[in-house]
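Biologist: Please take me through one part of this model in detail, namely the place where the two chains meet. I would also like to know what fold stands behind that part.

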Amino acid sequence: MKRFIGFIKKEFYHIFRDKRSLFILFGMPIAQILLFGFAITNEINNVDIAILDHSKDATTNEITNKIAASKYFSIKKIVTSEADITSVFKKGHVKAVLNFEKDFSKNLIKEHKATIQIITDATDPNTANTISNYVNAILQQYQKEQNKEIKIAYQIVPETRMVYNPELKSVYMFVPGVMTIILMLVSAMMTSISITREKELGTMEILLVSPLKPFQVIIGKVFPYIFLSIINAIVIVLLSIFIFKMPVQGSLFLLGLESVLFIISALALGILISTISETQQTAMMISLMGLMLPVILLSGFIFPISSMPVPLQLISNIIPAKWFIIIIKGIMLKGVGIQFIWKETLILVGMTVFCIALSVKKYKIRLE
Amino acid sequence: MNNNKVIQVEGLTKMFGDFTAVNAITFEVEKGEIFGFLGANGAGKTTAMKMLIGISKPTSGEANVAGFDVFTHAEDIKKNIGYMSQKFALYDDLTVKENITFFGGIYGLSRKIIKEKSDVLIAELGLEKVANQLVGSLPLGWKQKLSFSVSLLHDPKIVFLDEPTGGVDPITRRQFWEMIYKASNQGTTVFVTTHYMDEAEYCDRVSIMVNGKIEALDTPKKLKKQFNAATMNDVFLKLARG
């Protein structure tokens, strides 16, 4: 045990004295989460919109004024027919059109229900989604105020229509995605590089000649990265909660456990890579091409898997990151418990066991 | 087993597929001896050495190192030998002291003993001023001397040196050999491979490997006589050229 602690201490020296790896370890997660967070921002300001008012009555006027008064929107155009909607969108004058149905006030009083259509230009899906959310919020607030006064509950039904891109993806997508990338990067790439580094420098030979058992050497090399990856996961979750106000709906404990599982599966991949590469450069290339690209492109992080061609959909199944993203999206965004994600968890466990078994086998062959 | 024989090898063979890298070599090394293990590149030196230090399993034959069988007790052998390779055994990004502590630690030495030994070692090598500097900043010769001392830290019965003096100047090489003599005088057996034929002259006995076989084994003096050569260099050339 004492030998092992000495070994781990040495690993930490390696990590903390290498500025490059320090940057990858700590600079990267923060930079990425901030970049993604602000690039895919959910803040909107003074968005140009158009109004199509079929009723022109007191209520629609009030709502229009309310929207115009908010700092989020400015009313750029008043259009008079449905045909105009297409033309203002095509010209790119406005990002959204609010379409009040005929007899809005009358319907509200008679049937306690009136419909307003929010049509958004979804070529930029995130903005489109945000716009519709903000309009909804304003409508709901108006409704609340009104209901208080007249004491009869009535309902303004917003009907959202996304044009140009009906399949909208969540803005909170990036946090699970970035978390997955970072954990993969730190765990798999950094370990594979640090193990091949010992091979390249010839110190691995020295370690193998010492009384340390091969598995002790590997666990000793991997252990610091488990620790650092967990810290990274915590930092990412904190950043997303406090900077991006993204609440974690589900259990933090479960989120932690699943993250550790994913970290271990990534470490197993890293060990596997280190057994097949002789130099740090090879390890880095394999990690980048073999792990990072699939994680970014095929995990469903950026591109929805459902719209991929079937062969790619099939390939995406063998990428651990895909399952981890499903799991943490479930926990963070939907607040689900283990009963909804046990299948994905089991798949991840299976992949981890497979990778560990394979790398143990490979490692033995190499020692012969 | 004779207690004075710390390495006993008989018919040791290593095959990679059809290729015989080491072909039934037989030799013995006595306690405290400096044993030169010579051969051209690819002659099988490194493979033979790897079998003796327990990181490569022999195909057939017998070998006993430091009192343990290489087939069944490789782990015990590892505890009783030191090893320094032609590549560096030290970590460039750790300081002199940290390297000593780390290697002492993986051989299971207690903190107190490591502290004592590292003070002695640093004083002997005159490294007091750089003890807290990264090893990467030291000159090559210092690194090699330090590396050798580190391989002796746990008082091994035998120390295996794989081309330890590659790339250093003659003065440092000379100092290095003085360290080897000192270790040998203190009873540590030294098993050394080298390319430098003048170094072969410093060994008590020398074996020369050609194509996986030991073609000559004796004291440098007797070898020179046997091959009617003036220097070990000539002996080596005569053998290697067949």
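Modeller: Contact here means heavy atoms within 4.5 Å. The model is predicted, and in it the contact takes 30 residues from chain B and 25 residues from chain A. Between them the two chains bury about 2,400 Å², and carbon and sulfur atoms carry 60% of that area.

On the side of chain B, the residues that lose the most area to chain A are Y91(B), D93(B) and I106(B). Together these three make up 24% of what that side buries. D93(B) also takes part in a salt bridge, with R197(A) as its partner; the closest N and O atoms of this pair are 3.0 Å apart. A salt bridge is counted when a side-chain nitrogen of Lys or Arg lies within 4 Å of a carboxyl oxygen of Asp or Glu, so the pair D93(B) and R197(A), at 3.0 Å, meets the rule. Across the interface of chain B and chain A, 3 salt bridges are found. The count of residue pairs in polar contact between the chains, with both residues at pLDDT 80 or more, is 8.

Which elements of chain B give two or more residues to this side? They are α2 (74-80), β6 and α3 (96-106) of chain B. The largest share, 5 residues, comes from α3(B). Sorted by class, the side of chain B that touches chain A has 15 nonpolar, 6 polar and 9 charged residues.

In chain B, 6 strands form an open sheet with mixed pairing, in the order β6-β7-β8-β3-β9-β10. β6 (81-84) and β10 (213-218) of chain B are the edge strands, each pairing on one side only. From one strand to the next the twist averages 15 degrees.

Within this sheet, β3 (residues 34-39) and β8 (residues 189-193) of chain B pair in the parallel sense over 4 bridges. One bridge joins I34(B) to V190(B) in β8(B). Two helices of chain B pack on the sheet. Helix α1 (residues 45-52) of chain B touches β3, β6, β7 (158-162), β8 and β9 (205-210) of chain B, and its direction makes about 155 degrees with that of β7(B). Helix α9 (residues 232-240) of chain B touches β3, β9 and β10 of chain B, and its direction makes about 25 degrees with that of β9(B).

Definitions and conventions: Residues are numbered from 1 along each chain as its sequence is written. Chains are lettered from A and ligands numbered from 1 in the order in which they are written. This is a predicted model: local features need pLDDT of at least 70, side-chain atom pairs count only at pLDDT 80 or more; totals for chains, interfaces and linings use all residues. Side-chain values use heavy atoms; hydrogens and water are left out. Two strands pair if DSSP finds at least two bridges between them. Axes are lines fitted to C-alpha atoms, for helices over the stretch in contact, and angles run from 0 to 180 degrees between N-to-C directions. Buried area is the accessible area (1.4 Å probe) that two parts lose on being put together, summed over both. A polar contact is a pair of N or O atoms within 3.5 Å; within protein, one must be able to donate a hydrogen and the other to accept it, and residues adjacent in sequence count only if both atoms are side-chain atoms. Ala, Val, Leu, Ile, Met, Phe, Trp, Tyr, Cys and Pro count as nonpolar, Asp, Glu, Lys and Arg as charged, and the others, Gly among them, as polar.
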